[in-house]
Amino acid sequence: MKKTALSDEILLSIEKPERYIGNEINAIIKDKDKVDIRFAICFPDVYEIGMSHLGIQILYDMFNKREDVWCERVYSPWTDLDKIMRDKNIPLFALESQDKVRDFDFLGITLQYEMCYTNILQVLELSGIPLLQKDRTEDDPIVIGGGPCAYNPEPIAEFFDLFYIGEGETKYDELFDLYKRCRDENKSREEFLRQAALIDGIYVPSLYEVKYNEDGTLAEFRSLYPDVRTVVKKNIVTRMDDVPYPEKPLVPFIQVTQDRVVLEVMRGCIRGCRFCQAGQIYRPVRERSTEFLTDKAKKMLNSTGQDEITLSSLSTSDYRGLREIVTWLIDNYREKYVNISLPSLRIDEFSLDIMSRVQDVKKSSLTFAPEAGSQRMRNVINKGITEEDIMQGSAEAFKGGWNKVKLYFMLGLPFERDEDVLEISHLSDRVAMNYFDTIPKEKRKGIRVMVNSSASFFIPKPFTPFQWAPMNSPDEFLRKAHLVKDAFKNELNHKSLKFQYHEHDLSELEGVLARGDRRISKVIMKAYENGAVFDSWQEIFDRERWDRAFTECGIDRRFYTERERDVEELLPWDFIDTGVSKKFLIKEWENAKNGVVTPNCRKSCSGCGAASFGTGVCFEGR
Amino acid sequence: MRYIGHLDTMRFFQRLIRRSNIDAAYSEGFSPHQILSFAQPLGVGVESNAEYMDLEVKSLTTAEDMTERMNRETAEGIEILDMTLLPEKCAKAMASVYAAGYTVVFRPGHEPDWDIMAAVELFNGTESVKVMKKSKKSYREVELKELVYSLSVKMVPAGEVFPEGPLSGDVIDDEKKEVPVLDMVLSASSGDNVKPGLLIKALRTLDSKKHRTDSEASAPDTSSEPDTASGSGVPEEEEYPSKTDLMITREELFDSNMKPLIDAGMRF
């Protein structure tokens, strides 16, 4: 029998032992004596979440294509196992070999959301790796961070040896080759990091120094050595068809969140919503060819046996090959009982036609994301969707047999007034009304239309035009949420309406972590010592642990959340170059103030700066 | 594979069938699914050499070819052993399963501190062994003698019990030390399914009763066994055997004629 790092007794005493035994279909097993580099790739959350992440599948496949690298997976042990591992001193292990993470050359951690930061410390501690970069020795793995939160690495800078800024497909080969060379030449950890800092997109925080003004703002951010660059430019893929994409993705035993084959049709988004970080940092839009995608779809469905495929991107309606790829999938896979799932589609005649062909209309509900209730606010946030679009789309949907609609909104957007907030309720009511106007009484068959509206609290993110915006206080969020909730009760169709809003405690903390600086590292560490872990899980999150941490560190979180930053202020993440210029972001911040809409990238170029990468939508039709 | 739950096993097979290009039949309706069912769920922690799955297909090649294709696509620890073709109108395995054969050993370090040889002998020689069996909501008394079709025990050197080595975390002190290995065939019909643990618990109770009648021959039987329900009707939950005490392997499933289920089908 295959050996597991955990004893049989432990495995039988915890929830879902399948999280920890590896051995999934398409897992890669190599001979550890025949590889030069052992890489543990980690999603710092529970298995079911981590296994659903496409980025890890891409890197796992790509790293393992190298004969000299064995890449294995690590996830956060759930709280039940966490306790056992601490009680019995069991070190954290990678799933494939079940070997200790501490014996690996690299531990690469993907940073998908800020609320996982305490889980990074959990993974490090359980692995027996010093939490602080400065305490690590030659025996510890090199700890790398990557992913969207690496665009402001400062709050977690002290925990990482290096950050990889940008898309993973481009520079890891260079990094691995450098590592091997350094090891062959008996170079120290420091020497390796010094040289790694010369690779494009690699940021080594220990090589930089930060100074603050008396008012707490950043005074200076500088590299300690002349050859270490002061601006780190993100890495991006130039041609999406030229980089590896998994043909044999992992198939978990247990049901995970994204339990299907994922086809990434494009990267980036043409829309430029001003609140959206992904829409800015993944610029410019780059599409994959339908030939590439059909080939991968075929191979992935064959190798996994999955019965569902999803077309993934930030805005799949903007993928120009959508009609072709969906038609191909329906023609080739409907008879093989493969479901086609299409998230993030704009609701229009075309998408409804597709959806009615691939989904059970009776069961599914349609989602619109107006993000704001009033047209004025939608202009402020540059959400290029009008009330007419929503009414037309929902009318089409009602005629097509749908009678459940979800509407997503945000509360606490910049320049928001109470009248905008109340429009969330009124718009929801108008959508319900639209049902009664569209569907004659005799055709309703006693079915009640349901409009489920939900609001999350807006959190300003780095590298968006709203990076300077003050965030609402938790009390202000709650006040607005209650305002909307009360308004819903008074709507004409209130029996057809539901309204929910998200947890405001979590939002405030996320706001601090998103725009924090290096001083936040010690707060995260304190909160972790106070027991904080799995903070993105509402049933586990405990505000008190964080409150104490902020007090103990003497840090006022409002400095990071509620303060309006001046456009002249040096921001902790300014040293990173995403291709989108600060000048453009400032212009967009001004446009937001004035409610001026900026056209999408296909309509006309607004000169954001991403054209410097020489690819994608910036050069379409040239 | 002992850690994979029943629903996950089902999902595993659905995908395995797709990967192996088995021409499975699908149900009608908006969310069609493979027409597939297992004879009996296997508990987490239990191993098996004989799981049965019914699958409806639209076309066949040979059993050899289909077995080979599926085994190429399977995960370590799950293997297709055999296939037969069932007559068109035949009961599902789920309905025809009547009894299950198990091998049961004690985990190293969890060996019984009671006389299992004597208990088995006592069990086989006695007329009636009544125990309380827990069902979903209640407890009810069942007659084990009617539900245990055979039971034997032999002593085997520990090294032979675990030819591939013990489970992770287990240590065998002495490979030559003999440990008990039980073979049992138990009722597995849907109403009267008996799990090996229930029989082990009954055996221990038999053994302790024997000791009591030996030493306290004339004392009144005041110690009510957990099975003599009092008051609420729910006896104290006794954690024996715990889920880590035993290593259970399901060896075969039988129909009401005590024939292995595989015999119900034709070779193809």
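Me: What makes I424(A) the place where α14(A) bends?
Reply: This is a predicted model. Axes are fitted to the seven residues ending at a residue and the seven starting there. At I424(A) the bend in α14(A) comes to about 30°.

Me: How do you know what span to expect of helix α14 of chain A?
Reply: The rule is 1.5 Å times one less than the number of residues. Helix α14 (418-438) of chain A has 21 residues, and 30 Å is expected. From first C-alpha to last, α14 of chain A reaches 30 Å, close to that value.

Me: Why are β2 and β6 of chain A said to stand at the edges?
Reply: The sheet is open, with six strands in the order β2-β1-β3-β4-β5-β6 (chain A) and mixed pairing. β2 (69-75) and β6 (202-203) each have a single partner strand, so one side of each is left without a neighbour in the sheet.

Me: What makes β1 and β3 of chain A a pair?
Reply: Pairing needs at least two bridges. Strand β1 (37-43) and strand β3 (106-110) of chain A have four, in the parallel sense. In β3(A), G108(A) is the bridge partner of I41(A).

Me: How many residues of chain A and of chain B are in contact, and what decides it?
Reply: C-beta atoms within 7 Å decide it. By that test, 26 residues of chain A are in contact with 22 of chain B. On the chain A side, α1 (8-11) and α9 (290-304) are the elements that give two or more residues. That side has 11 nonpolar, eight polar and seven charged residues.

Me: Where do the domains of chain B lie, and how many residues join them?
Reply: Domain 1 covers 6-83 and domain 2 covers 96-254 of chain B. Here 10 residues of domain 1 are in contact with nine of domain 2. The domain 1 side divides into five nonpolar, four polar and one charged.

Me: What share of chain B counts as buried?
Reply: Of its 268 residues, 23% do. Chain B has seven helices and nine strands. Among its contacts between residues at least 6 apart in sequence, 71% join residues at least 24 apart.

Terms used:
Residues numbered from 1 in each chain as written. Chains lettered and ligands numbered in written order. Predicted model: local features only at pLDDT ≥ 70, side-chain atom pairs only at ≥ 80, totals over all residues. Buried ≥ 20, exposed ≤ 12 C-beta atoms within 10 Å, placed from the backbone. Contact = placed C-beta atoms within 7 Å. Domains from an automatic or database assignment. Nonpolar A, V, L, I, M, F, W, Y, C, P; charged D, E, K, R; others polar.
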